[in-house]
Amino acid sequence: MVRMVKRVLWWMLPVLALAAGWWYWQGWTAGEAPQWRLVEVSRGDVTATVGATGTLGAIRTVEVGTQVSGQIVELKADFNDRVRQGQLIARLDDTLLEQAVRQAEADLVRAEADLVYKRYLLEQAETLRAAASLAESDLRAAALAVAQAEATRISADAGLDRARRNLSYAEIVAPISGIVINRNVELGQTVAASLQAPQLFLIAESLERMQILASVDESDIGRVREGQLVEFTVQAWPERRFGGKVRQIRMQPATSENVVNYTAVVEVDNPGGVLMPGMTATLDFIVDRAAEVLLVPNAALRFRPSEELLAQLRQERQARRDSSAVPGDARRDSAGGGQRQPGMARGGVTDGSVLWVLVEGRPRPLRIKTGLTDGSRTEVSGEGLAVGLQVIAGQLSSGAATGTASPFQTQQAAQPGPPRGGF
C-alpha cells in the first residue's frame, strides 16, 4: 500500500511542477501586459462655439446734468425709480435766477424807453432840417442814435429770454422714460455748471432688453457674424443659461498686452429682470450644431501609442505582406523602393484622425473622420464605429516596468492640443 502511494506521488510531481509553472507564467505575463484607460463612443448632440467675455449694460442710457449752477432743494427721483419723459426729478434754488429775470425785464423797459426818446429827437431833427435850420450832419447823428437804441432794445429782449430759460433750467426733468440706475447728488448739495455739465442722474431707457459688449479675440472674430445666436452665463446665476443675438461687430480694434480684440455687441432678453448692468457675462457664440451623432472624448483622439508598439505593428504588417505576396508582387515591391501605399502613414497608421481599439487585448488603429467639437467631445464617423465601442484614451501602466496600474499615471506619448480634423 505504501509503495502504491509513493508511486502515485512520483507520477504527480511532474504534473504539479507543470501546473506551478503555468500559473507562474500567467502571473508574469499579466504583469507584463500594459493597462489601458478606455472610453466609450456615445451618441448625442455637439455644439461648436467661440468663447468670449463681456459686460452687461442697458441698450440706451442718458446722463442727466444741469446747465445752471445752484443748490439742490428738492429731489424727486432715487435709485431704481421708474420715471417718465418730462417728469420733474430735481429742483435747484432759483432765487438768483428769478432776480436775473427781473433785472432783464428792467433792462428791456429801459431800452424801449430810450428808443422812444431817440425816435422823438429824430422827428425834431427832420423838421428843423426841412426849415434849413439844422445841418445835415446833425440829422444823420439823430438817425444813428435811433438805430443804436433799437439794437439795445433787441439785446435787452434776448437777455430777458436767456434769463427766463435759465430759470426754467432750475427744474431738472427726465429726458427719456426709463429707470434711474445712478444718482450722484444729495439734497442740499451745490452743483456748479461751468465748462461741462455735472452728471446728476443716469437713466436707462429699459432693462427688459440689454446688451453685452463682448471682447472677441482676433483669431476667433472670423467665425462671429451679425445675427448669430449666443448663449451666456453670469456669476449670479451659474446654473442658468441666457440667450441673445449678435447685433453689431465693431471694426475698431482694442490692443492690450499685444493681444488684439474686437467688440461684438450682443442684444439679450432680460426675463424677470434678473440681469443687472455691470454683470460679467461668459459667452458662447454658436458656430454650428450637430444632433444625434457619434461622439468620443477628445482624449481618445490625442492618444498616440509608444514607439515599441508602433514597431510591433510594422513588423506584423510586414510579416502579413510577406506571407501573402506572390513572387511577382515581391519583385514589384523591390522595384518600387519599398514605398508606402497611398493612405498609409508612418508606422502603418492611416493618414488623418485615428482611434485605437483593443483587438484580442492589443491596440489596433481605426481610421475615422472628425467633425464638430465642443472642446471636450468630437463628432466622429467611419466604418467600425458604434455606440458603446471602447477606444483607448491613455495608458495606465506599462506592465512590468510600472507594476500595478494607477489611474493617475497617463500615457507619456499623448500630445496635448485639439484633435486633428476638428476645430
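1. Asn258 is found in the loop between S13 and S14; helices (H or I, at least four residues) and strands (E, at least two) are DSSP runs, numbered from the N terminus. This is a predicted model: local features need pLDDT of at least 70, side-chain atom pairs count only at pLDDT 80 or more, and totals for chains, interfaces and linings use all residues. Residues are numbered from 1 along each chain as its sequence is written, and side-chain values use heavy atoms, with hydrogens and water left out.

2. The loop deserves a check of its backbone. Phi of Asn258 is near 65 degrees, a positive value in a residue other than glycine. Glu257 is found in that loop between S13 and S14 too. Its phi is near 55 degrees, again positive in a residue other than glycine. Asn258 counts as exposed at 77% relative accessibility. Glu257 is exposed, with a relative accessible area of 75%. Here buried means under 20% relative accessible area, exposed over 50%, and partly exposed in between (1.4 Å probe, protein chains only).

3. Strand S15 (residues 280-297) pairs with strand S2 (residues 42-58) in the antiparallel sense over 13 bridges. Two strands pair if DSSP finds at least two bridges between them. Thr282 in S15 is the bridge partner of Thr53. Strand S12 (residues 229-234) also pairs with S15 in the antiparallel sense, over five bridges. There, Asp284 in S15 is the bridge partner of Glu231. Three bridges join S15 to S18, and these two run antiparallel. Glu379 in S18 is the bridge partner of Leu295.

4. The largest nonpolar core has 35 residues; Phe232, Leu275, Leu283 and Phe285 have the most contacts inside it. S2, strand S11 (209-217), S12, strand S13 (237-256), strand S14 (259-269) and S15 each supply at least two residues of this core. The largest share, seven residues, comes from S15. Another core, of 20 residues, lies apart from it, with Val62, Ile89, Leu97 and Leu200 among its members. A nonpolar core is a set of buried Ala, Val, Leu, Ile, Met, Phe, Trp, Tyr and Cys residues joined through side-chain atoms within 4.5 Å.

5. Leu283 shows its surroundings well. Not counting residues up to four places away in sequence, Leu283 touches residues including Val50, Ala52, Ile212, Ala214, Val230, Phe232 and Val266. Contact means heavy atoms within 4.5 Å.

6. An open sheet of four strands has the order S7-S6-S4-S9, with antiparallel pairing. Strand S7 (171-173) and strand S9 (190-191) stand at the edges, each with a single partner strand, so one side of each has no neighbour in the sheet. Strand S4 (residues 70-75) and strand S6 (residues 88-92) pair over three antiparallel bridges. Leu92 in S6 is the bridge partner of Ile72.

7. Helix H5 (residues 307-324) passes the length test: at 1.5 Å a residue, its 18 residues should span 26 Å, and its end C-alpha atoms are 26 Å apart, which agrees. The expected span is 1.5 Å times one less than the number of residues. Leu309, Leu310 and Leu313 are buried in H5. Seen down the axis, the buried residues of H5 fall within an arc of 100 degrees, so they line one face of the helix. The arc is that of the directions from the helix axis to the C-beta atoms. They pack against strand S1 (35-40), strand S16 (353-359) and strand S17 (362-373). Glu307, Glu308, Gln315 and Ser323 are exposed on the other side of H5.

8. Glu383 lies in the loop between strand S18 (377-381) and strand S19 (390-397). Glu383 counts as exposed, at 73% relative accessibility. Its C-alpha atom is separated by 7.4 Å from that of Ile368, 15 residues apart along the chain.
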